[in-house]
Amino acid sequence: MASLLLTACGVDRTATLGGLGFQAAVLAASTAGLFWLARFRERLAPRVAAMALGVLIFELFTAPMWHNAHLGAWAYLYRDVSWVLTLGWTVLFLLVVEVGDRLLPHWRAWRRFLLNLLVLTLLVVPLEWLVVRLGIRSYAPEVVEAARGGWVDGLPLAVLYYVPVFSALVLGFYRYWCCVIDRTLLIPVRRIRWRRGLLLTLGAVLLFELMVEPMVVNRGFPAWSLLYRDVSLVMSGLWVLVIAITAALVYRVGLTLPVSVRFILALAIATAIALPIEYGLVWAGYRVYGASAVANFSGFSIPLLQTPVEIAFAIPCYLALVIGFIRYWEIVLDNDL
């Protein structure tokens, strides 16, 4: 049975004492946290859903980078993506956000956001160390190779970068959807501030590209464009251009639409533009997915191109978090929050 579980998902799903104890602690703490939040937070269910969706999108997109084992077959949603971990991160993030908002209601949005990042980093890094020590978390060979020597007690020092990026993208996505949940009155945008928008987009893209760099290799790009290892400014600039074109189209046809509809429209347009580009780059050999990413593929390919169908799911995941992050900061700056 253990060998079947291992073969099915790439990790050993058989529960260990440490895994069971960890699950019990997560479920107990999450239940207590949700009960506490329910005492004062209105519309809690959609807030939990928005945060959980952000966390889950991130976990699905970055699944090849790390492996979650020994939680028992019941604890998994897809391969080694665990709903237990998703629930734990969701409630932890909600608690940090709500406590910060209640204690510091008069702080500007950017100050509370940075404080949330700091607190989450201080909390998540020790928790990451714990799941590693319990044998639940391990890292893909590509991550191990990229970390080269930067390890402390089984934990790559790169986690000090991964955690803030993870937190920033999920919090930006969540805060954006809170504007929908709370029906926040926003100042109408009369024009696109292109310089600010392009800088925000480039920052968000580069942060994500640097983090997921071990998953995919960029080949054939000019040496002058390489920022770190194989992260190319040309590749990042291409994604910035896609999002900029999307913003222009949404501004032209969807300015009067509700915030939620504009997000869905932007995601659909950006995916329609980005997906053929990514497939073309993979087909031409400019983008080569690592062994761990390939191992997560189902084996189904797009006809003619012979490229993995999973890319069609990965691109919207990537864009959803990046667009949510960008739009949240545009809302903050436009409305002087």
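How far apart should the ends of helix H5 (residues 109-133) be at 1.5 Å a residue, and how far apart are its end C-alpha atoms? The 25 residues should span 36 Å, and the end C-alpha atoms are 36 Å apart, which agrees. The expected span is 1.5 Å times one less than the number of residues. Helices are DSSP runs (H or I, at least four residues), strands likewise (E, at least two), numbered from the N terminus.

This is a predicted model: local features need pLDDT of at least 70, side-chain atom pairs count only at pLDDT 80 or more, and totals for chains, interfaces and linings use all residues. Residues are numbered from 1 along each chain, and side-chain values use heavy atoms, without hydrogens or water.

The buried residues of H5 (buried: under 20% relative accessible area, 1.4 Å probe, protein chains only) include Arg-112, Asn-116 and Glu-128.

| Partner of H5 | Residues |
|---|---|
| helix H2 | 17-38 |
| helix H4 | 83-103 |
| strand S4 | 137-139 |
| strand S6 | 155-156 |

H7 and H12 are also partners. Gly-135 follows H5, with a positive phi near 80°.

Helix H8 (residues 194-211) packs on helix H12 (residues 311-334) at about 145°, axes 10 Å apart. The crossing is right-handed. Phe-208 of H8 and Tyr-318 of H12 are among the contact residues.

Phe-208 also touches Phe-61 and Leu-169, among others. Phe-208 and Leu-319 have the most contacts inside the largest nonpolar core, of 96 residues. Helix H7 (residues 159-181) gives the most to this core, with 16 residues.

Terms used. Axes fitted to C-alpha atoms, helices over the stretch in contact; angles between N-to-C directions. Left-handed = near helix turned anticlockwise from the far one by under 90°. Contact = heavy atoms within 4.5 Å. Core = buried A, V, L, I, M, F, W, Y, C linked by side-chain atoms within 4.5 Å. Buried < 20%, exposed > 50% of the residue type's maximum accessible area, 1.4 Å probe, protein only. Lists of a residue's contacts leave out its neighbours within four places in sequence.
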